[in-house]
Amino acid sequence: MKKTITITISRQFGSNGREIGRKLAEYLDIGYYNKEIMEKIAKDMGVSSDFFNEDNQNEDGLYSISNRKLRSFGSIAELSVNSQVFERATDLICGIAQRESSVIVGRCADYILKDNPDTISVFCFSDLEERIRFSINEYDVPAKKAKKIVQEKDMKRARFYEFHTNQKWGDAKNYSLLINTSKMSTDEVVETIAALYDKKAGLTTFKGAFQDQYIEHKSFKI
């Protein structure tokens, strides 16, 4: 059976981790999973994918049933809904890891696959001022609100991660590789992770032949 390698990308908001994941998947010609995971879960649960919109997350990064869009859930408790979502995500991510080599962005994938020796877990971080500038330029975040938004997004990600994993988000011991994207270009980061992928796979892959095969999501709503 062909060996499958999974690269998980966790990232601070504005550190360019999602774009790095997309370019890395193209560079290696392997699967790329970001919003697709949540859309598949929504389909399995029989709800609109709008359920997983960031507008429906509370301050802890958990999906809230208080939003009028989610009234169809009736009396189901928020924690129960979130536990169900995480359970579905776990099954889906484990299935992807068994089936194919891929890059998976977010969704606590590093924790879910922590016991899989064929996983490369990456945490992308960068200087706060750099992330503020990036958010303004790439996501059209209002300059006056940028710092607050960046910090709030990080807090939500940290609380979501810690709620589901009982681990500290961004703690070095939970990852194979921590990368300061303020110090490296996107191409340098991609090539660094790709070299580690080749080492773990035990082969040299043919790279860079499938550029722009994945749709880029850059929209951001205030």
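Visitor: Which elements of the protein chain have the lowest and the highest mean pLDDT?
Guide: This is a predicted model, in which local features need pLDDT of at least 70, side-chain atom pairs count only at pLDDT 80 or more, and totals for chains, interfaces and linings use all residues. Residues are numbered from 1 along each chain as its sequence is written, and side-chain values use heavy atoms, with hydrogens and water left out. pLDDT is the predictor's confidence in each residue, from 0 to 100, and helices (H or I, at least four residues) and strands (E, at least two) are DSSP runs numbered from the N terminus. The lowest mean, 74, belongs to helix α2 (residues 35–45), and the highest, 97, to β4.

Visitor: Over which residues does pLDDT stay under 50?
Guide: The mean pLDDT of the protein chain is 82, and 79% of its residues reach 70 or more. Where pLDDT is low, the predicted coordinates should not be read in detail. That caution concerns two stretches, residues 67–76 and residues 217–222.

Visitor: Which strands pair with β1 in the parallel sense?
Guide: Two strands pair if DSSP finds at least two bridges between them. Strand β4 (residues 119–125) has six bridges to β1, with I7 opposite I120. The other partner, strand β3 (residues 102–105), has four bridges to β1; T8 is bridged to I104 and T6 to S102. The strands asked for are therefore β3 and β4.

Visitor: How many bridges join β2 and β3?
Guide: These strands also pair in the parallel sense. The number of bridges is three.

Visitor: How many of the residues of strand β1 are buried?
Guide: Buried means under 20% relative accessible area, exposed over 50%, and partly exposed in between (1.4 Å probe, protein chains only). T6, T8 and S10 point one way from β1 (residues 6–11), while I7, I9 and R11 point the other way, and all are buried. Both faces of β3 are covered as well, by burial of S102 and I104 on one side and V103 and V105 on the other. For β1, the count is six of six.

Visitor: What distance separates the end C-alpha atoms of helix α1?
Guide: The expected span of a helix is 1.5 Å times one less than its number of residues. For the 12 residues of α1 (residues 17–28), this gives 16 Å, which agrees with the model. The end C-alpha atoms are separated by 16 Å.

Visitor: What covers the buried residues of α1?
Guide: In α1, 10 of the 12 residues are buried, including I20, L24 and L28. Contact means heavy atoms within 4.5 Å. The covering elements include β1, β2 (31–33), β3, β4, α5 (128–139) and α7 (186–201).
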